[in-house]
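Thanks for coming. I have one structure to go through today, and I will keep it plain.

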Amino acid sequence: MAELIKFSENGIYVVMKITDDGKVRLLYMGSKEVDDNHLPAGHGYSLVQVKTADYGYEDHHGAKHITAGLSERLRYVSHTDTLSDDGKQRIFAVTQQADDVYVTSYYVFYSGISVVRSYTKVENRSGNTVTFEFISSFNLFGISAGGEEPWDKKCNISIAHNTWLGEAQWYKHSVAELGLSKVGGFSIKPLIKSSTGTFATDEFLAGGYFENEAYGTALMWQIENNGSWMWEVGDEANDLYLLLSGPCQDTAGWWKKLKPGDSFESVAAAVVFSNDGFDGTLAEMTKYRRAIRRPNIDNDNLPVIFNDYMNCLGGDPTTAKLIPLIDAAAKAGCEYFCIDCGWYSDGGWWTGVGEWLPSTARFPGGIREPLNYIRSKGLIPGLWLEIEVMGIHCPLADKLPDDWFFIRHGKRVIDHGRYQFDFSNPDVRAYATAVIDRLVCEYGVGYIKMDYNIEAGIGTECGSDSFGDGLLRHNRAYIAWLDEIFAKYPDLTIECCSSGAMRANYALLSRHSIQSSSDQTDYLKNAVVAAASSAGICPEQCAVWAYPLKDADVENVAMNMVNAILLRIHQSGHLAEISPEGFDMVSEGISVYKQIRGDIKTALPFYPTGMPHFSDGWFSFALDCGDKIYLAVWRIDGEDDTFEIPLKDIAIKNAKCIYPVSLESTYSFNKNVLAVSLKKRTARLFEITK
């Protein structure tokens, strides 16, 4: 007997149907309630897409991953609707089965947030080995439902481009501009964005944004895996669908054999639903990112970090060079001091990393000397580390067995002069833990900049069914190892860095408290990256370099500080050699940051003039703190001397420039618009009272 299952949670409306023949269809999930007469009528609304080697696809599909054969054979078994022990999560789960393969789709709703977190568990209860080639984490047909116009006229997608030195570049396109046009009942062309390998975000952030402008609905998604992932938007039955997954056979060389009694859980994905455009959707995603993050002191206190690398020592630290920098950092108001790369080698070090023993040439009195000096100045000391790799010329490399490393075609994988460790090997995890123990217990380190600078590729064959299976096993083992380290040292801050933001994903950022936003050394370009980064990273987790050059004028210094003040200050630059006026500008910026950082950790980011791009002459970024707004405004170039910033339905009671107060600032406000006049290559920070 057919049955409708209808419920709502935090502004998300869900309608499922159990058909007469036992199939389960997800008829609707969205931010607007619909009556039964307006439910989408398409035929392909499966809860999940699961492809095995036994069954192909059931329809004309091209590169699409829908109508997977096993999915079409699944029949309803049961469903549950429960609350977590703390009452903060509602877990709705539906189990189906075919050929004694049981597939459970989990939908987790978070109290007070318009988000669903989705993942899939498969269990082989048959007597045969089953090979899985694709398992969706989230599968929703009908995302373009609503509004009178056809979907190729009313819908757009924002793609989050990401690359080394050019992170967080969101570009909005109509679906037609992306190659999706309504040419019939369905086509075989999908829009697919994916990542394969260990640099999970080296081309795109692991998410996107979809908007139905005619209906006023939107959704934003993220895939929570620190390795390969895929998202797909395509047409089916006169509508569009969204499909999210971790690694699969087609895009990442993943397949998995489950023996009788074995089970497998997909990576998780989160989807936010909203009627409030990009900013409103991002606000909900930001709340969700905070909800899944490990509680930690760092994100409560938001300390100022000095790191000696960027536009400063550049990987060449010595005791003599560090002492004056430590003095200057302490005087400026920094609270952490991290010695970056190079501390473990007398000279060139790229292909020799792996032992993590301090250089005696760089530190004649031992590395404890500068570390103790950092502590004597009231700062917490830190060190750079790249624990997942070993240089091919490291003395240990030839002494270790091959199964410590990624293996393909019987050979160790080499990338950029390094081997990739396989953290699914317990001996590797023990080695890595011993390194952390030494840094924390012997050296007294309270901060680790955990970097990662290679692309180890599709995965490893060692102990795995496929290369992609080996990579996923490693990814999950590394996350489990991180959990163990944080359980052992709960107050230790470990920064997530990967050539900047090449692994900016919430598999890692649900553990790490802070993420490097970029390696960009040009402060003008870094301004764009910094302003845009909160669309992918919570503001209080987003570390932004402020690195004025020794000969920088005060406006240059001020922009460096504005770049970082609404996020996390990652201070650098030769502060001991900068001009007195420049140093005062740094100190003033850090002082302002300390006054407002209590607001940053709960503020919601928004973009009153749209997402910033490198071609923009003017751009802005804001944090909504409830009764007030902090707004950063930049002018890089552009012919107009004045920039008007609309704040939509927010009535401005008062506005004032809070940084830099010592430099001229020209601005005015009227109702909900702030007008700012700036010279080229300058920036200002405002506090707006609602």
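This is a predicted model: local features need pLDDT of at least 70, side-chain atom pairs count only at pLDDT 80 or more; totals for chains, interfaces and linings use all residues.

Charged pairs, then. The structure holds 35 salt bridges, and I will show a handful. Glu 224 and Arg 117 are joined through their side chains, at 3.0 Å from N to O. Are the two partners buried or exposed? Glu 224 is buried, at 8% relative accessible area, while Arg 117 is partly exposed, at 23%.

Next, Glu 540 and Arg 290, whose closest N and O atoms are 2.8 Å apart. Here again distant parts of the chain are linked, 250 residues apart. Glu 540 sits in the loop between helix H11 (523-532) and strand S31 (542-546), and Arg 290 belongs to helix H4, residues 277-291. Glu 540 has 0% relative accessibility and counts as buried. Arg 290 also counts as buried, at 16%. The cut-off for buried is under 20%, so the 16% of Arg 290 falls inside it.

Asp 152 and Lys 153 form another salt bridge, with closest N and O atoms 4.0 Å apart. Asp 152 is buried at 13% relative accessibility, whereas Lys 153 is exposed at 60%. There is also a network of salt bridges, which links Glu 9, Asp 81 and Arg 90.

On to cysteines. How many disulfides does the structure hold? The count is 0. For Cys 338, the nearest cysteine sulfur belongs to Cys 341 and is 9.6 Å away. A disulfide needs the sulfur atoms within 2.5 Å, so Cys 338 is in none. Cys 338 is buried, at 0% relative accessibility. Cys 441 is in no disulfide either; the nearest cysteine sulfur is that of Cys 338, 18 Å away. Cys 441 is exposed, with a relative accessible area of 56%.

Now helix H9, residues 426-442. H9 has 17 residues and spans 23 Å from first C-alpha to last, close to the 24 Å expected at 1.5 Å a residue. At its start, a side-chain oxygen of Asn 425 comes to within 2.8 Å of the backbone nitrogen of Asp 427. After H9 comes Gly 444, with a positive phi near 75 degrees.

Which residues of H9 are buried? They are Val 428, Tyr 431, Ala 432, Thr 433, Val 435, Ile 436, Arg 438, Leu 439 and Val 440. In an α-helix there are 3.6 residues a turn, so residues three or four places apart point the same way. The cover over the buried residues of H9 includes strands S22 (380-385), S23 (389-391) and S28 (447-450), along with helix H10 (467-488).

Strand S23 also belongs to an open sheet of 3 strands, ordered S23-S27-S26, with antiparallel pairing. S23 and S26 (414-415) are at the edges with a single partner strand each, so one side of each has no neighbour in the sheet. Between S23 and S27, residues 418-420, there are 3 bridges. In one of the pairings, Gly 391 has Arg 418 in S27 as its bridge partner.

Now the methionine. Met 585 is in helix H13, residues 580-600, and is buried at 3% relative accessible area. Leaving out residues up to four places away in sequence, Met 585 touches Val 554, Val 557, Ala 558, Met 561, Tyr 659, Pro 660, Ser 662 and Leu 663.

Most residues other than glycine have a negative phi, and most peptide bonds are trans. The bond from Tyr 659 to Pro 660 is cis, with omega near -10 degrees. Pro 660 is in the loop between strands S37 (654-659) and S38 (666-670).

Lys 671 has a positive phi, near 60 degrees, and is placed in the loop between S38 and strand S39 (673-677). Lys 671 is exposed, at 66%. Arg 681 likewise has phi near 60 degrees, in the loop between S39 and strand S40 (682-689). Arg 681 is partly exposed, at 49% relative accessibility.

That is the list.

Definitions and conventions:
Residues are numbered from 1 along each chain as its sequence is written. Side-chain values use heavy atoms; hydrogens and water are left out. Buried means under 20% relative accessible area, exposed over 50%, partly exposed in between (1.4 Å probe, protein chains only). Helices (H or I, at least four residues) and strands (E, at least two) are DSSP runs, numbered from the N terminus. Contact means heavy atoms within 4.5 Å. The expected span of a helix is 1.5 Å times one less than its number of residues. A polar contact is a pair of N or O atoms within 3.5 Å; within protein, one must be able to donate a hydrogen and the other to accept it, and residues adjacent in sequence count only if both atoms are side-chain atoms. Two strands pair if DSSP finds at least two bridges between them.
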